[in-house]
Amino acid sequence: MISVIIPVYNVEKYITECINSLLNQTYKNIEIIVVDDGSTDNSYKILQKLSKKHQSIRLFHKANGGVSSARNYALKYVNGEYVSFIDADDYLEPEAYEILIKNIKNNDLITFNWNQIYVDKIIKCGMNQNEKMNNKKALETCIKPEDSFLGYLWNKLFKSEIIFKNNLKFNEKISICEDQLFVIDYLSYCKNIISITKPLYNYRMRKSAASKQFNLSKFITLLEAYDIIYTKWLTNNLSNKEFIEYEYLYHYYLFKKHFEKTNFKLNKRIINEYENVIKNKNINYKKREELFFIKNFIYYYKIKNKIKNKFKKKYIMYD
């Protein structure tokens with residue numbers, strides 16, 4: 001059995017299509033665990049009607065706590081041998097689970113390609129060829145831009161045994177990159193990973209989606225997530241440490257680029273300084289970060305706590 005977990009928050013426009021794509025799967029041995037995370041629109045009412053019609057849907061309702069909280073809540077009710085995570089505004093191809101069950105076999109994780117759905121076009125994304133890899137290779141490529149799909153949650157089929165045996169959960173303090181953190185933890189316990197090139201998931205590109213919005217609150221969380229990821233890299237003795245250092249510093253630059261009004265000359269100077277600092281191999285990661293950060297973001301230190309308090313909202317940031 002496959003247990004499909006869907007966290008729901010204010011997606012009344014899309015949730016029916018998402019659920020129908022699961023009900024119409026050619027592979028029928030699935031349970032659909034839906035957690036409404038305090039929606040304020042008609043999402044829960046729609047789900048109530050659907051759950052009454054279809055016994056495979058197990059519907060839960062809880063106070064808003066964020067996507068990680070909803071996923072952790074759902075994990076408590078998993079009965080399947082495999083676990084799949086779906087975003088409530090996306091949908092699967094009809095043969096998705098049938099193909100995944102046939103291919104996962106003796107592997108600990110299977111990952112697959114997807115379609116990015118725009119209003120006027122569809123773009124196929126993911127790997128160029130089927131591939132088998134061990135956990136070290138998968139971990140090392142997890143954050144590379146060309147292999148960034150390895151950090152996504154929704155284009156994978158997980159083994160529930162690995163999740164529960166190792167007490168894997170989502171970090172509820174992190175509201176961005178929370179899926180990547182979970183995948184990294186999961187990969188640490190894997191031996192064999194397989195990827196297939198067939199696009200089985202349809203990822204809807206919509207401007208209003210919370211995961212596509214960027215603000216100060218998310219930026220702070222992003223820094224915290226990269227702190228955790230960096231620590232995991234060191235713990236696992238992985239080889240591409242320099243790349244994650246680059247990523248970490250790059251997001252500091254993004255903060256400057258997006259949230260401080262500067263002219264072109266100042267931005268150009270910052271970019272040049274950033275490039276010079278990151279290329280300096282004579283100083284370690286923390287020192288490089290400190291030099292660049294202090295020089296260009298000194299005010300950020302002073303207002304960090306104020307920013308955190310300022311962006312505390314009634315409803316937790318939702319991806």
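C177 sits in the loop between α6 and α7, where helices (H or I, at least four residues) and strands (E, at least two) are DSSP runs numbered from the N terminus. Although C177 is not a glycine, its phi is positive, at about 70°, and the residue is buried, with a relative accessible area of 13%; buried means under 20% relative accessible area, exposed over 50% and partly exposed in between, for a 1.4 Å probe and protein chains only. The model is predicted, so that local features need pLDDT of at least 70 and side-chain atom pairs count only at pLDDT 80 or more, while totals for chains, interfaces and linings use all residues. Residues are numbered from 1 along each chain as its sequence is written, and side-chain values use heavy atoms, with hydrogens and water left out.

- At 55% relative accessibility N167 counts as exposed, whereas C177 is buried at 13%.
- As background, most residues other than glycine have a negative phi.

**The chain as a whole**

- The chain holds 11 helices and 10 strands, and buried residues make up 54% of its 319 residues.
- Of the contacts (heavy atoms within 4.5 Å) between residues at least 6 apart in sequence, 79% join residues at least 24 apart.
- The accessible surface, from the Shrake-Rupley method with a 1.4 Å probe and, for residues, with only the protein chains shown counting as cover, comes to about 16000 Å², of which 49% belongs to carbon and sulfur atoms.

**Nonpolar cores**

- A nonpolar core is a set of buried Ala, Val, Leu, Ile, Met, Phe, Trp, Tyr and Cys residues joined through side-chain atoms within 4.5 Å; the largest one here has 37 residues, and I6, I19, I32 and Y97 are those with the most contacts inside it.
- At least two residues of this core come from each of β1 (2–8), α1 (15–23), β2, α2 (43–53), α4 (96–104), β6 and β10 (193–204).
- Leaving aside neighbours within four places in sequence, I32 is in contact with V4, I6, I19, L22, L23, S56, I57 and R58.
- A second, separate core of 36 residues includes A74, L150, I184 and A225.
- In helix α1 the buried residues are I15, C18, I19, S21, L22 and L23, and what covers them includes β1, β2, α2, β3, β5 (91–92) and α4.

**E31 in strand β2**

- E31 is found in strand β2, which spans residues 30–37, and is buried, with a relative accessible area of 5%.
- The side chain of E31 makes a polar contact with the side chain of R58 at 3.2 Å; a polar contact is a pair of N or O atoms within 3.5 Å, where within protein one must be able to donate a hydrogen and the other to accept it, and residues adjacent in sequence count only if both atoms are side-chain atoms.
- Not counting residues up to four places away in sequence, E31 touches M1, I2, S3, V4, S56, R58, Y77, V78, N79 and G80.

**The β6–β7 hairpin**

- Strand β6 (residues 109–117) and strand β7 (residues 122–125) pair in the antiparallel sense over 4 bridges, pairing being assigned if DSSP finds at least two bridges between two strands.
- β6 and β7 form a hairpin with 4 residues between them, and N115 stands opposite K124 in β7.

**Aromatic pairs**

- Rings of Phe, Tyr and Trp (its six-membered ring) pair if their centres lie within 6.5 Å, with planes under 30 degrees apart counted as stacked, over 60 as edge-to-face and the rest as tilted; by this rule the count comes to 14 aromatic pairs.
- The rings of F60 and Y73 have their centres 5.8 Å apart and their planes at 70°, so the pair is edge-to-face.
- F60 lies in strand β3 (residues 57–62) and Y73 in helix α3 (residues 67–75), so this pair ties together parts that are 13 residues apart in sequence.
- F60 is buried, with a relative accessible area of 15%, whereas Y73 is partly exposed at 21%.
- The rings of F170 and F182 have their centres 4.1 Å apart and their planes at 10°, so the pair is stacked.
- F170 and F182 belong to one aromatic cluster together with F85, F158 and Y186.
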